[in-house]
Amino acid sequence: MRIVRRPGAFVCGIDAAMDVIGGKWKVLVLWALNERTCRFGELRRAVPGVTEKVLSSHLKELEDDGIVRREVYAEVPPRVEYSLTPLGLSLNEALGPLGEWGRDHICRGVDGPSAASGSGAGDPPGGASEVMVGLGHGQP
């Protein structure tokens, strides 16, 4: 595994992290791989809307950054699986609070500012409880 540092100095830690996870689909790929090891087609289905070209490019960049491991099996037909490295797992842990913030932000937009802090008991249909369930537990 080789880690490639992109050119240019980083201003802060957020800048360095965004250099690794920047892009529309990378975080969703990381979240899918957090659930389990996946083949390319499985990842493509797990991240609806991503093109093969972009997914391939993102996986290569994440592999170069030491976030994703690509394992090729000597079989016919060839099989390639993608999984998170320990560095990738730690990155997903760091993204957890960002996912929580996003869910809270969505709930505030649906039910107003107090929805995210409520217990969920007595929420009206379509309220915070259903939105949270609709997002799923493992979703970013």
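Modeller: What follows goes through a pocket, a helix contact and a salt bridge in this predicted model.

Biologist: How much space lies in the largest pocket, and which residues lie nearest its centre?

Modeller: The general idea is that rolling a probe the size of a water molecule over the atoms shows where empty space is left. Here the largest pocket holds about 320 Å³ of space, and of the 15 residues that line it, Ile21, Val27, Leu95, Leu98 and Gly99 lie nearest its centre.

Biologist: Which helix gives the most to that lining, and what is the make-up of the lining by class?

Modeller: Helices 1 (13–21), 2 (26–35) and 5 (86–111) each supply at least two lining residues, with helix 5 giving the most, namely seven. By class, the lining comprises eleven nonpolar residues, three polar ones and one charged one.

Biologist: At what angle do the axes of helix 2 and helix 4 cross?

Modeller: Their axes come within 10 Å and cross at roughly 75°; angles of 65 to 115 degrees count as roughly perpendicular, and helix 2 and helix 4 are therefore roughly perpendicular to each other. Helix 2 makes the contact through Lys26, Val29 and Leu30, and helix 4 through Leu55, His58, Leu59, Glu61 and Leu62, which by class gives five nonpolar, one polar and two charged residues.

Biologist: Which residue forms a salt bridge with Lys26?

Modeller: Glu61 does, with the closest N and O atoms 2.6 Å apart. Because Glu61 lies in helix 4 and Lys26 in helix 2, the pair ties together parts that are 35 residues apart in sequence. Over the whole structure, the search finds six salt bridges.

Methods: Residues are numbered from 1 along each chain as its sequence is written. This is a predicted model: local features need pLDDT of at least 70, side-chain atom pairs count only at pLDDT 80 or more; totals for chains, interfaces and linings use all residues. Side-chain values use heavy atoms; hydrogens and water are left out. On a 1 Å grid over the protein atoms alone, a cavity is a set of points where a 1.4 Å probe fits but cannot get out, and a pocket is an open set with protein on both sides within 12 Å along at least five of seven lines; lining residues have an atom within 4 Å of a point. Grid points are joined across faces, edges and corners, and a volume is the space filled by probe spheres set on the points. Helices (H or I, at least four residues) and strands (E, at least two) are DSSP runs, numbered from the N terminus. Ala, Val, Leu, Ile, Met, Phe, Trp, Tyr, Cys and Pro count as nonpolar, Asp, Glu, Lys and Arg as charged, and the others, Gly among them, as polar. Axes are lines fitted to C-alpha atoms, for helices over the stretch in contact, and angles run from 0 to 180 degrees between N-to-C directions. Angles under 35 degrees count as roughly parallel, over 145 as roughly antiparallel, 65 to 115 as roughly perpendicular and the rest as oblique. Contact means heavy atoms within 4.5 Å. A salt bridge is a side-chain nitrogen of Lys or Arg within 4 Å of a carboxyl oxygen of Asp or Glu.
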